[in-house]
There are 2 protein chains.
Amino acid sequence: MIADRRTKGRLQVLELIRRSGQIARSDIATEVEASPATVTAATADLLAAGLIEEIAPVSDAPQGKRGRPRVALRIVPNACKVVGIKVSDRSMSVVIMNLGGETLSEIEVDLPNSELAPESLVEVIIEAVGSACKPLGLSMSDLSAAGLGLAGFVDADRGFVHWSPSLNQRNVQLKSLLNAHSPIPFFLDNDANLVAKAEQIFGEGQGVSDFVVITIETGIGMGVIIDNAIYRGARGCGAEIGHSKVQLEGALCRCGQRGCLEAYVADYALLREANLRAGPELSQSPDDALKELLVKAKAGDAFSSSIFNRAGRMLAMGLANVINIFDPKLIILSGERMQFDLLYADEVLDAVKSWVVSVDAPLPEIRIHKWGDLMWAKGAASYAIEEATRIAVRNIANAA
Amino acid sequence: MIADRRTKGRLQVLELIRRSGQIARSDIATEVEASPATVTAATADLLAAGLIEEIAPVSDAPQGKRGRPRVALRIVPNACKVVGIKVSDRSMSVVIMNLGGETLSEIEVDLPNSELAPESLVEVIIEAVGSACKPLGLSMSDLSAAGLGLAGFVDADRGFVHWSPSLNQRNVQLKSLLNAHSPIPFFLDNDANLVAKAEQIFGEGQGVSDFVVITIETGIGMGVIIDNAIYRGARGCGAEIGHSKVQLEGALCRCGQRGCLEAYVADYALLREANLRAGPELSQSPDDALKELLVKAKAGDAFSSSIFNRAGRMLAMGLANVINIFDPKLIILSGERMQFDLLYADEVLDAVKSWVVSVDAPLPEIRIHKWGDLMWAKGAASYAIEEATRIAVRNIANAA
């Protein structure tokens, strides 16, 4: 526990150095509110682990004062490299990233099926990581760790998948299965949690201690950061918004229950309504059909508008409940989906405001962050970096 | 920050000693996972503050082994005394409690009105505390701190009331107002948060790091303990379940919005439906009317049963959403209300189970804890004890 606390302190210092670009020890002490001796011990460990380096002293004394030039510290970007993988409905994104957060290589791989047997998924993943390594002249064993993001209910601590739409079985010890076929350790989490991690490290959540990320694609995901850490709940099933109920005995959800938010807002929910009438007019491909539906709605077609309208109101209700329950500083609607234009419209945000408990304090800020599908894989890579550096720092602490 | 961390560590040790009755330093070190030196320093401060005392050494070596008798530590129950106050709809409970958690005196005071002007409420509170002190031969200045629980949206850090049904104004700096009239510092919080505190210290939440408390009375309250601390959110408005929406454009709530859980489950919601037909048959007093309605429902009256039935299903939906979002280890339904018999019935709990995301892991335990109205005031007193000891320990730490 004492060693854990020490590791945690070192990781906090490492993260601060990464975020700062370069920073002197005395400024680290101020920022993390620790004694100079503690900071010196922490940075000595990080230097020994090769994760950071000293750079030429620069004088940063205020004008008119003589300052002793101070040695600054910075990350060694290539001190370790990791891979991040996001499994989507019928494809998989793979990113190789270094400690500095630089993307070294990225590929997109088609999956044979939405649902795979655990062994097949492992096989496809290992092969794809190999393909992403190739152009860099690396093999998988040159990497320090792998992060994997999956939709569904994932117990990150155990690497256990209660259920995922990407697997044809429930209750899979996927981490063990991956580790049995991999030269580097795998770390798994729910994909929306990893988007929250990506927002925290690279995106709109930088420097914000408490925020909520909502994602919408085939399903609806939520990642919650409380006190700078992902909130996971007791069984690793926390922060589940998509299957929270917004209507007693409401619309049927693909999870088999009724009235889930997802059953009103997700891709399949919109298309289910569209199929009532517009079926023959829309493309077979769900992605294309959704785009066509959006075009119709924007052109003023009442039927199509009504579909987005209700979805937007249900989403607003879900967001208002998230604010009522978590009262976060910031909500990030993260992703780049066509339908966001309508779902994230001003009317939806106005509805959120009118359904939040009314106090004369400013509402949490709601930011829309449109970034590509790569963010999912980058989030997974960020998780891998975190775990790889945790291992490196713990080894140094134990050796000391 | 270093001093804060030290204070936090000492309070953790104090709480462990309180919970244990008596405990040796070496066992404290094991329990809090700290070094013997750290524990010795912490207990020295607590001894100096007069909050704990050493008791005669007892040998607790296992049979057949020779053990060196160890000095145990225990709380000095009367090291400080505090007052806890809970403001209810038309009454107020006041409890004087000592550091040992013993109730020294308790009184119940009628309020002239449900809604009071801030100055009037302060006056009534100060007078009631005086009355509770009297039989003990104490005056208010003999106490160390006061804790106050109010329904509504309370920012505990600032002691600021965004809104409370007990006040005829919004945005009241109630803490300053109280402190201006009181010889001892006041600490305010939302009343359900204080029930969670009471459950953590005296009730079903002892030793549980993460749990949720739900209360039902005139409104519906929720208190959330995450990592042993009350979760409050960014503006002090977090963990708001009563005004979370369970129905788009649903029943009108006393907050002015529609579809709030409270608008289906709270006392006034049940009576509003009952008044549709049963009005003339029920007593004028809301409490009596509710009891009569419950008797009718239990006797099989379809109209009355239907009222409780829908309320129960809406409550189940709210509880399922709490589980989906927080995934706590334990949910405590806390309180002693007539209608709980029906609202907390097996059918409601079964509905909760069927609406929680289904994973093959055990559901969080749901415990019903029926304890009297005094729990609210005891929760407020617990908060006062926590803050009073924090001040005492911080003073010692700063003096050292």
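## Helix packing and chain contact

α8(B) passes α9(B) in a left-handed crossing (the near helix is turned anticlockwise from the far one by less than a right angle). This is a predicted model, in which local features need pLDDT of at least 70, side-chain atom pairs count only at pLDDT 80 or more, and totals for chains, interfaces and linings use all residues. Residues are numbered from 1 along each chain as its sequence is written, and chains are lettered from A in the order in which they are written.

**Helices α8 and α9 of chain B**

- The contact is made by B:D267, B:L270, B:L271 and B:A274 of α8(B) with B:P286, B:A289, B:L290 and B:L293 of α9(B) (contact: C-beta atoms, placed from the backbone, within 7 Å).
- These residues comprise 7 nonpolar, no polar and 1 charged (nonpolar: Ala, Val, Leu, Ile, Met, Phe, Trp, Tyr, Cys and Pro; charged: Asp, Glu, Lys and Arg; polar: the others, Gly among them).

**Contact between chains A and B**

- Chain B and chain A each put 41 residues into the contact.
- On the side of chain B that touches chain A, β9 (160-163) and α10 (302-326) are the elements giving two or more residues (helices are DSSP runs of H or I, at least four residues; strands of E, at least two; both numbered from the N terminus).
- α10(B) gives the most to that side, with 8 residues.
- By class, that side has 21 nonpolar, 10 polar and 10 charged residues.

**Symmetry**

- Chain B is superposed on chain A by a rotation of 180° with 0.0 Å of shift along its axis (RMSD 0.1 Å), by least squares on the C-alpha atoms of residues with pLDDT of at least 70 in both.
- The two copies are thus related as by a two-fold rotation axis.
- The same surface serves both copies, as 100% of the contact residues of chain B recur in chain A.

Technical notes:
Contact = placed C-beta atoms within 7 Å.
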